[in-house]
Amino acid sequence: MTEPLRIDIVSDVMCPWCIIGYLQLSKALDATGTDHEIHWHPFELNPQMPPEGQNTREHIIEKYGSTPEQSEQSRQQMKALAGDLGFDFEWTKDSRMHNTFNTHQLLHWADTQGRMHDLKMALFTAHFTNQRNLSDIAVLADVAAEIGLDRVEAAAVLDDQRFANDVRSAEQFWQQQGISGVPAMVFDRKHLVTGAQGVENYTSILSQLAEMEG
């Protein structure tokens, strides 16, 4: 019996291409019937982001030099892509980017409960669909509780920062592997694919990997 395909995904819940890329990959995994296991890893797009966050449009214009028109066009493109995959982007003029260091700590804790993937999906929805403030500990604890995790423990984990060093170490590990942008997906610990590649390309990648293993 062959081992499931290990897929390590380095990502940030602030990254729209991370959820688009994952959903594309997920469709390809289903289409090819690939036995797999997903492992999520932390990456902060904006580690210097202050607690109050920043307006998303202002942030994109400032960080990437986009015009407001380019920024809007990009958002509409991502919304359409995500919609085809069953995910809803609901940006507003007040949408904000947030610091995600606490988010990654909560995900680390959820992993000890075997619920990291579920929480990751819930956080993507909380941010992109429901415009919730993920730099607010109370909001993060609420999201954890909504998928059945212990709200009190979730809040305590963030209050005492018990997993801060683990998250920093994980972030540094992936940076040392040369990861400077997300999503970054590593198949079978040795094949790196970056960006959202599309269902067709992921299907092709999975077929190639299966042939190599076969």
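Which residues of α3 are buried? I found S71, R75, M78 and A82 to be buried in α3, where buried means under 20% relative accessible area, exposed over 50% and partly exposed in between, with a 1.4 Å probe and protein chains only. Seen down the axis of α3, its buried residues fall within an arc of 65°, so they line one face of the helix; the arc is that of the directions from the helix axis to the C-beta atoms. On the other side of α3 I noted E69, Q73 and D84 as exposed.

Before going further I wrote down the ground rules. This is a predicted model, in which local features need pLDDT of at least 70 and side-chain atom pairs count only at pLDDT 80 or more, while totals for chains, interfaces and linings use all residues. Residues are numbered from 1 along each chain as its sequence is written, and side-chain values use heavy atoms, with hydrogens and water left out. Helices (H or I, at least four residues) and strands (E, at least two) are DSSP runs, numbered from the N terminus.

I then checked the length of α3 (residues 68-84): at 1.5 Å a residue, its 17 residues should span 24 Å, the expected span being 1.5 Å times one less than the number of residues, and the end C-alpha atoms are 25 Å apart, which agrees. What covers the buried residues of α3 includes α1 (16-32) and α2 (56-64). After α3 comes G86, whose phi is positive, near 85°.

Next I looked up L149, which is found in the loop between α6 (137-146) and α7 (151-160). L149 is buried, with a relative accessible area of 8%. Leaving aside its neighbours within four places in sequence, L149 is in contact (heavy atoms within 4.5 Å) with W109, A110, Q113, R115 and A144. I also noted that L149 and G114, 35 residues apart in sequence, are 10 Å apart in space, C-alpha to C-alpha.

Between β5 (residues 184-187) and β6, which run antiparallel, I recorded four bridges, and V186 stands opposite L192 in β6.

How values were computed: Two strands pair if DSSP finds at least two bridges between them.
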